[in-house]
Amino acid sequence: MLFVSITMNNSNFSKKDINKALQEARMQLGAIHHERYFKVVYNFSIILLKNLTVEEIVWDVAKNVISELELEDCVIYLFDEKKEYLIQRAAHGPKNPYDFDIKNPIKIKKGDGIVGTVGATGIPELIKDTSVDNRYILDDEFRLSELAVPIMTEGEILGVIDSEHPEKNFYSENHLEILSAISSLTAIKLLQAISMEKLEIYKQELEKQVLIRTKELERVIKKLSNSNTELQNFAYTISHDFREPLRMITSYLGLIKRRYSDDLDPEGMEFLHFALDGGKRLDGMIKDLLSYSRLNNDVHSQMVDLNEILEKVIMNLSLFIEQTNCKINYDRMPVVYGKEVLLVQLFQNLVENALKFRQEQQPEIWIGCREAEDYWEFYVRDNGLGIPEDEQDKVFNIFTKGVIGKKQKGSGIGLATCKRIIDKHQGNIKLDSTLGEGTTFWFTIKKLKEEMRNGDAVSG
């Protein structure tokens, strides 16, 4: 406390000396006020560090900081989401009777009243006499002084700190200065808290959407699984119910050919031959469709020696290989992690495809592989007819048949089956082909993580 004692009747003091003493006293009082306000701002910044939510921040400002400034009344307004209204969010004084409640909270439209004006312009207002300011909005009781400062950072106005006092001319420039400093710090912390709350809302909404989509996906998977089961059951029905009458038709056609061939003219024999050939092709298509549908089954994966797979394939196709006088060459193959039954079907389909689409010259097939960092790459090459360029991007589609001249060969399912098998092994399949020279099918099989980590795989 600063005491200034001046004896007016002392002739040693002139009027000039008195004015000088009063000026020094005012400066010392101002310094005391600044020191006190600095301490309030410092304490406030420490308090802000521990606050994380919007509610914590505004109530700490109202209850702790404003009360330290010995202000009788203070209300903190924040804008709504659309920035149309300023809503009372925290208070100190008569508006806050207990705990963290606000008595009869109001909202002020942006631009209305003194608070709304500050919220619209971002310029603080120090009103010495509200009775002569027609913008004054009565809240709980009439007060004659008002101080309102914007809570603003980086040009964005978040709200307003508003204080009122029953006396005229109560607020000073010092009040404005300290409240402006507090509002600036509040704005920075509030912007951070609002961003975090919006992020949390977004996170919760995202988690909700993920949960909804997951449930939808589970329903789709279940529906798809049921459809696949129905498709497989349908394929089995075709295999059993359709093939029996087909066998009867082809059997009787064969019987007609054996018993009555001498009675048929060349044209009749040709018709009979077409009918028998069509029956055989239809039977093959049904078998291929059954094999394709079986790919839906969850076949157990294990370490598979591809040398043994190729031996099995060659044995399965031995009669066809012998009839075509085909020469098959293959490198030493690795051991891979895969589905044995499907790998047999994969290599068998590719070799059989090469045998079907052979040229007049002796057919020859080459099978090999190379090792990459995280996968094995294989090839099956032939010296057959080749595939026209405009058909190469369609061959892996189901029911796409190879065309040789005007004749179709195959069921159009074999290569589609190969692609599905490769998909199940997390690989890719493609081809290179030149018409009249042959075709090479390239495909990959993904390695186990252990194989990638060790840098090598088990060879057969």
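**Close-up views of a predicted model**

**View 1. Tyr 330 of the model stands opposite Ile 367 in β10.** The model is predicted: local features need pLDDT of at least 70, side-chain atom pairs count only at pLDDT 80 or more, and totals for chains, interfaces and linings use all residues. Residues are numbered from 1 along each chain as its sequence is written, and side-chain values use heavy atoms, with hydrogens and water left out. Strand β10 covers residues 364-371 and pairs with β8 in the parallel sense over 4 bridges. Two strands are taken to pair if DSSP finds at least two bridges between them. Helices (H or I, at least four residues) and strands (E, at least two) are DSSP runs, numbered from the N terminus.

**View 2. Helices α6 and α8 against the sheet.** Helix α8 (residues 340-356) packs on the sheet and touches β8, β10, β11 and β15 (438-446). The direction of α8 makes about 170° with that of β15. Helix α6 (residues 306-316) lies across β8, β10 and β11 (375-382), and runs at about 175° to β8. Axes are lines fitted to C-alpha atoms, for helices over the stretch in contact, and angles run from 0 to 180 degrees between N-to-C directions. Contact means heavy atoms within 4.5 Å.

**View 3. An open sheet of 5 strands, in the order β8-β10-β11-β15-β14.** The pairing in this sheet is mixed. β8 (327-330) and β14 (429-434) stand at the edges with a single partner strand each, so one side of each is left without a neighbour in the sheet. From one strand to the next, the twist averages 15°.

**View 4. Asp 99 in the loop between β2 (85-92) and β3 (107-109).** Asp 99 is exposed, with a relative accessible area of 55%; exposed means over 50%, buried under 20%, and partly exposed in between (1.4 Å probe, protein chains only). Leaving aside neighbours within four places in sequence, Asp 99 is in contact with Trp 59 and Lys 63. Asp 99 and Lys 63 are 36 residues apart in sequence, and their C-alpha atoms are 10.0 Å apart in space.

**View 5. Helix α9 (residues 414-424) and the residue Gln 426.** Buried residues in α9 include Leu 415, Ala 416, Thr 417, Cys 418, Ile 421 and Ile 422. In the chain, 38% of the 460 residues count as buried.
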